[in-house]
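Hi there,

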Amino acid sequence: MPPIRAGASTLIFLCSGLFSSSLFGQSGYTMNLNPATVPAGGSGFSLDVSFNGNSQVAPQPKSSWIVRWNGSPRPTHFTQSNGPADIKADISASDIATPGIAEISVLDSDTGQVYSITRWFVVPVDINGADFAYDAGRRQYASIAVLETLVRRCPDDALKLLAVTERDLFIPVLTFVYGHAQLGGRAAVVSLARLRQEFFGLPGNPGLLVQRALKEALHETGHTFGLVHCADGGCAMSLSTNIRQIDLKRAAFCAACAARLRRRPGAART
Ligand SMILES: [Zn+2]
Ligand SMILES: [Zn+2]
């Protein structure tokens with residue numbers, strides 16, 4: 001889970017890591033990117049790529065590796081001085097000139113093997129404030145208005161856009177919502193307002209907040225891939241109407257939802 005940057009005046013942050021191998025449960029390793037996000041329009045930077053997991057299956061960096069950005073090779077540097085081997089790629093300013101999502105993969109030029117466990121490298125999209133969605137009568141924010149804005153602001157080349165906000169969201173027929181998504185669309189939003197222990201008058205618990213946020217981020221993103229609510233209370237796609245239900249589910253899809261997700265267009269670009 002990347003850091004969530006959602007201050008009072010910031011509505012938006014894209015979420016990365018939702019498509020890492022651990023969720024698909026196939027390969028036994030995950031790809032890590034450092035940094036995991038950068039601001040759009042910044043200068044070029046060095047992207048560190050590494051793999052975690054079982055040493056039998058996790059790829060070990062080699063000098064023949066080439067890091068690819070949306071399938072195109074980028075200058076890649078291999079170092080193995082004293083510590084573990086390290087792979088870095090030069091990402092140029094033009095690569096990150098506009099907000100969006102980039103797909104990172106690694107090609108072994110010796111063997112032709114592509115380590116295609118895709119991590120989505122995320123560039124934040126800024127939307128100034130959420131005042132446009134404020135309902136003074138309810139003192140909450142209309143998630144439908146937020147979604148409409150996200151749809152308009154979604155970069156053309158972005159697969160999905162997930163907003164994380166501190167604002168308390170509602171739809172007209174419900175007291176509140178933890179999040180809202182376009183079913184089979186591109187935009188989704190998650191609210192942290194009712195995920196914090198402080199909301200219940202309890203001491204803050206950042207780890208628990210991240211777990212809850214990740215579950216709801218998965219849930220709403222699952223909707224954008226066309227997944228509907230799941231009867232398995234432990235599945236991220238189960239409906240949560242209270243915090244207890246969120247705490248009871250896992251930050252993962254059940255086997256049936258994961259299988260459905262893999263069949264969805266755009267869900268398996270690997
Ligand atoms: Zn739902
Ligand atoms: Zn499920």
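Cys257 is in contact with Gly222, Leu227, Cys230, Cys235 and Met237, leaving aside its neighbours within four places in sequence. Two residues are in contact here if their C-beta atoms, placed from the backbone, lie within 7 Å.

Before I go on, some housekeeping. This is a predicted model: local features need pLDDT of at least 70, side-chain atom pairs count only at pLDDT 80 or more, and totals for chains, interfaces and linings use all residues. Residues are numbered from 1 along each chain as its sequence is written, while chains are lettered from A and ligands numbered from 1 in the order in which they are written.

Back to Cys257. Together with Val146 and Val189, Cys257 has the most contacts inside the largest nonpolar core, which has 37 residues. By nonpolar core I mean a set of buried Ala, Val, Leu, Ile, Met, Phe, Trp, Tyr and Cys residues joined through C-beta atoms within 7 Å. A residue is buried if 20 or more other C-beta atoms lie within 10 Å of its own, exposed if 12 or fewer, and partly exposed in between, with C-beta atoms placed from the backbone. Two or more residues of this core come from each of strand 10 (140-142), helix 2, strand 11, strand 12 (169-170), strand 14, helix 3 and helix 5. Another core, of 11 residues, lies apart from it and includes Leu47, Ile87, Ala89 and Val106.

For the overall inventory, the protein has five helices and 14 strands; these are DSSP runs numbered from the N terminus, helices being H or I with at least four residues and strands E with at least two. Of the 270 residues, 36% count as buried. Among contacts with a separation of 6 or more, 60% come from residues 24 or more positions apart.

Cys257 itself belongs to helix 5 (residues 255-263), whose buried residues are Cys257, Ala258 and Leu261. Seen down the helix axis, these buried residues fall within an arc of 100°, so they line one face of helix 5; the arc is that of the directions from the helix axis to the C-beta atoms. On the face turned away from the buried side sit the exposed residues Ala255, Ala259 and Arg263.

Now the sheets. Two strands pair if DSSP finds at least two bridges between them. One open sheet of three strands has the order 11-14-13, with mixed pairing. Its edge strands are strand 11 (161-165) and strand 13 (179-181), each of which pairs on one side only. Neighbouring strands in this sheet are turned by 10° against each other on average, direction ignored. For such angles, axes are lines fitted to C-alpha atoms, for helices over the stretch in contact, and the values run from 0 to 180 degrees between N-to-C directions. Strand 13 and strand 14 (residues 187-191) run antiparallel and are joined by three bridges, with Ala181 opposite Ala188. Helix 2 (residues 143-153) packs on the sheet and touches strand 11, strand 13 and strand 14, its direction making about 135° with that of strand 14. Helix 3 (residues 206-224) also packs on the sheet, touching strand 11, strand 13 and strand 14, at about 160° to the direction of strand 14.

Ala181, found in strand 13, is worth a click. Ala181 counts as buried because 24 other C-beta atoms lie within 10 Å. Beyond its neighbours within four places in sequence, Ala181 is in contact with Ala188, Glu220, His223 and Thr224.

Another open sheet of three strands has the order 9-10-12, again with mixed pairing. Strand 9 (134-135) and strand 12 stand at its edges with a single partner strand each, so one side of each has no neighbour in the sheet. Strand 9 and strand 10 run antiparallel over two bridges, and Asp135 has Gln140 in strand 10 as its bridge partner. Helix 2 packs on this sheet, where it touches strand 10 and strand 12, and its direction makes about 50° with that of strand 10.

The loop between strand 9 and strand 10 holds Arg139. Although not a glycine, Arg139 has a positive phi of about 50°. Most residues other than glycine have a negative phi. Arg139 is exposed, with 9 other C-beta atoms within 10 Å.
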